[in-house]
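Please find below a colleague's note on the model under review. It is arranged as numbered points, each of which may be read on its own.

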Amino acid sequence: MAVTIKSEREIELMRESCRLLAIVHKELEEYIRPGISTLDIDVKGDTLIRKLGCVPNFKDYNGYPASICVSVNDEVVHGIPTKKRILQEGDIVSLDAGLIYKGYHSDAARTHAVGQISPQAQKLIDVTMESFFAGVKMAKAGNHLFDISNAIDAYIRPHGYGIVRDLVGHGIGTSLHEDPQIPNFAQRRRGLKLQAGMTLAVEPMINMGRADVEWLDDNWTVVTEDGSLSAHYENTILITDGEPEILTLY
């Protein structure tokens, strides 16, 4: 497993890539409302990324047709935007997006309420986000990779939610997906030792029901097998000698 340690120059480029992505997510969050299509979100996101002088890294990645992954309700990740899918009051929508700035990738995801949502849906969104922060507390040089996984699992488990096992976090840098893979569920092994200069995309994907997922016929959209709601929260982080730096926070 070749995990890249970024130089100071590379870290600066990653910081800027992530800062710009945070702006895109903030603007998309303010745009979310009932009555817009998932394609409207993709078009807006693509336009924003290009206006910032960057390239959307999801577009045409392994054939994915859009710039923003827009996943509604029981869609876990990789929902393909379409003008037919209209957001309704009470939906939840996950936006996963990334961009390339001077050759360096950023990646982040957020789940948003569409209008007024149920308390149960809001709790799922909140707990998913909180589990990310529980995991990232362990993301320090000298700790081990799976300390992050175990902390996310320990945070989620008391809530009875399903932790998606088929999809995991990853390293990131000059490629969107680099080593190592970062599971969101408990591991028996410790994993590699974390070192300052590693950049990781940590991304819990949490289902209100069971953990099981399936792929739709488009070969991209991942949905919960039991039809329950799913939430996704992701940031690109930098391992340092002290506290981790969360690069994609607005």
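This is a predicted model: local features need pLDDT of at least 70, side-chain atom pairs count only at pLDDT 80 or more; totals for chains, interfaces and linings use all residues.

1. The largest nonpolar core. This core holds 36 residues, and the members that touch the most others are I41, L87, V93, L95 and L99. At least two residues come from each of α1 (8–31), α2 (38–51), β2 (68–72), β4 (92–101) and β5 (104–113). Helix α1 gives the largest share, with 9 residues.

2. The surroundings of L87. Beyond neighbours within four places in sequence, L87 contacts I32, R33, P34, G35 and I36, and also T38 and I41.

3. The cysteines. How many disulfides does the structure hold? The number is 0. A disulfide is a covalent bond between the sulfur atoms of two cysteines. For C18, the closest cysteine sulfur is that of C54, and because the separation is 11 Å, it is too far for a bond. For C69, the closest cysteine sulfur belongs to C18, at 17 Å, which is likewise too far for a bond. A disulfide would require the two sulfur atoms to lie within 2.5 Å. Both residues are buried: C18 has a relative accessible area of 0%, and C69 has 4%.

4. Proline 81. Where is P81 placed? P81 sits in the loop between β3 (75–77) and β4. P81 and P204 are 123 residues apart along the chain, and their C-alpha atoms are separated by 22 Å.

5. Threonine 236. This residue belongs to strand β14 (residues 235–238) and is buried, at 0% relative accessible area. The side chain of T236 reaches the backbone oxygen of D107 at 2.7 Å. Leaving out neighbours within four places in sequence, the contacts of T236 include M14, C18, S106 and D107. Its contacts also include I172, L200 and A201, together with the run E245, I246, L247 and T248.

6. The sheet of 5 strands. Strands β8, β7, β9, β14 and β15 form an open sheet in the order β8-β7-β9-β14-β15, with antiparallel pairing. At its edges are β8 (178–182) and β15 (245–246), each of which pairs on one side only. Strand β9 (residues 199–202) is joined to β14 in the antiparallel sense by 4 bridges; V202 has N235, in β14, as its bridge partner. Helix α4 (residues 145–156) lies across β8 and β9 and runs at about 35° to β8.

7. The sheet of 3 strands. A further open sheet has the order β3-β12-β11, and its pairing is antiparallel. The edge strands are β3 and β11 (213–215), each pairing on one side only. From one strand to the next the twist averages 40°. Strand β3 and strand β12 (residues 222–224) run antiparallel and are joined by 2 bridges. Within this pair, E75 stands opposite V223 of β12.

Methods. Residues are numbered from 1 along each chain as its sequence is written. Side-chain values use heavy atoms; hydrogens and water are left out. A nonpolar core is a set of buried Ala, Val, Leu, Ile, Met, Phe, Trp, Tyr and Cys residues joined through side-chain atoms within 4.5 Å. Buried means under 20% relative accessible area, exposed over 50%, partly exposed in between (1.4 Å probe, protein chains only). Contact means heavy atoms within 4.5 Å. A polar contact is a pair of N or O atoms within 3.5 Å; within protein, one must be able to donate a hydrogen and the other to accept it, and residues adjacent in sequence count only if both atoms are side-chain atoms. Two strands pair if DSSP finds at least two bridges between them. Axes are lines fitted to C-alpha atoms, for helices over the stretch in contact, and angles run from 0 to 180 degrees between N-to-C directions.
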